[in-house]
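Biologist: I would like to go through the pockets of this protein with you, and then a few backbone details. Could you bring the structure up?

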There are 2 protein chains.
Amino acid sequence: MSQFSEHIRNLREERKIRQREVAACLKADTAFVSKLEKGERQARREQVLLLAELFNVDKEELLSLWLSEKVYDLVKDEEVALKSLKTAVKKIDNNKKSR
Amino acid sequence: MSQFSEHIRNLREERKIRQREVAACLKADTAFVSKLEKGERQARREQVLLLAELFNVDKEELLSLWLSEKVYDLVKDEEVALKSLKTAVKKIDNNKKSR
DNA sequence: ATTGTCTTGTCAAACAATGACAAAATTACA
DNA sequence: TGTAATTTTGTCATTGTTTGACAAGACAAT
């Protein structure tokens, strides 16, 4: 269970819709949706946008949550995780300034 | 050119060794090393450790630089990059506390 | 017991990454 | 300039990973 997967499950349950409907929106089957909601599969970017539309939530918010999950997965097993993230933040800050 | 790739090139040049020797250390060919140094290939974790040994630098430092590069690559094209990184940092902080 | 919903296991197809090779380009220097 | 060493580029088969489909099982509600 990840932040993102819990979130989309919550959204779906709040709206009282079935996995089948989410599946239709993503053109996938319910097994796939089940796995998304349990964090056993990662959504692709395009799917995140479709979900945001379906649930009528802010796309940037949902994308951000999705991306942070991917980042977390990338670094979670490393001692140097925090340090690396901070370095990455600096790099992005620098790029922003120079643009 | 990435931070990491520039760094390993600098290390090599400081020590005045050839790509051929780096290649031997990694059991690869010089073409591969060239690409590493130009950021056209990403090193694997194991290779980073070998490089740290070869250049006699701190493994954690080098791993950290390598990982931050991967993080950066993951988020660099997204508007929500910074926000996502900050969310990931929080998640790691939380995990630390709870352990 | 039947129906609808969700979950699990498995697998082939799609996709991406790696490392090898050959050949071209560049550099060093006799 | 010639040539030997080094580095770079392009290409490609191999390998590894991810995705989404299917079938079957579990669970819940009635």
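Biologist: Which helices each supply at least two residues of the lining of the largest pocket?

Modeller: Please keep in mind that this is a predicted model. Helix 6 (81-98) of chain A does so, as do helix 5 (59-75) and helix 6 (81-98) of chain B.

Biologist: Which of them gives the largest share of the lining?

Modeller: That is helix 6 of chain A, with three residues.

Biologist: And which residues line the largest pocket?

Modeller: From chain A, the lining has Ile92, Asn95, Lys96 and Arg99. From chain B, it has Tyr72, Val75, Lys76, Asp77, Glu78, Glu79, Ala81 and Leu82.

Biologist: How much space lies in the largest pocket?

Modeller: The value is about 230 Å³.

Biologist: Let us turn to the second largest pocket. What is its volume?

Modeller: The second largest pocket has about 190 Å³.

Biologist: Which residues line the second largest pocket?

Modeller: Chain A provides Tyr72, Val75, Lys76, Glu78, Glu79, Ala81 and Leu82, and chain B provides Ile92, Asn95, Lys96 and Arg99. The elements giving two or more residues to this lining are helix 5 (59-75) and helix 6 of chain A, and helix 6 of chain B.

Biologist: Which helix gives the most there?

Modeller: Helix 6 of chain B does, with three residues.

Biologist: How many residues of that lining are charged?

Modeller: Five are charged, alongside five nonpolar residues and one polar residue.

Biologist: Where is A:Lys16 placed?

Modeller: A:Lys16 lies in the loop between helix 1 (3-14) and helix 2 (19-26) of chain A.

Biologist: Is A:Lys16 buried or exposed?

Modeller: A:Lys16 counts as exposed, because its relative accessibility is 71% and the cut-off for exposed is over 50%.

Biologist: What about chain B: where is B:Lys27?

Modeller: B:Lys27 is in the loop between helix 2 (19-26) and helix 3 (30-38) of chain B. Phi of B:Lys27 is near 55°, a positive value in a residue other than glycine.

Biologist: And why is B:Lys27 classed as it is for accessible area?

Modeller: B:Lys27 is exposed because its relative accessible area is 80%.

Key: Residues numbered from 1 in each chain as written. Chains lettered and ligands numbered in written order. Predicted model: local features only at pLDDT ≥ 70, side-chain atom pairs only at ≥ 80, totals over all residues. Heavy atoms only, no water. 1 Å grid on protein atoms, 1.4 Å probe; cavity = no way out; pocket = protein on both sides within 12 Å on 5 of 7 lines; lining within 4 Å. Points joined across faces, edges and corners; volume = space filled by probe spheres on them. Helix = DSSP H or I, 4+ residues; strand = E, 2+ residues; numbered from the N terminus. Nonpolar A, V, L, I, M, F, W, Y, C, P; charged D, E, K, R; others polar. Buried < 20%, exposed > 50% of the residue type's maximum accessible area, 1.4 Å probe, protein only.
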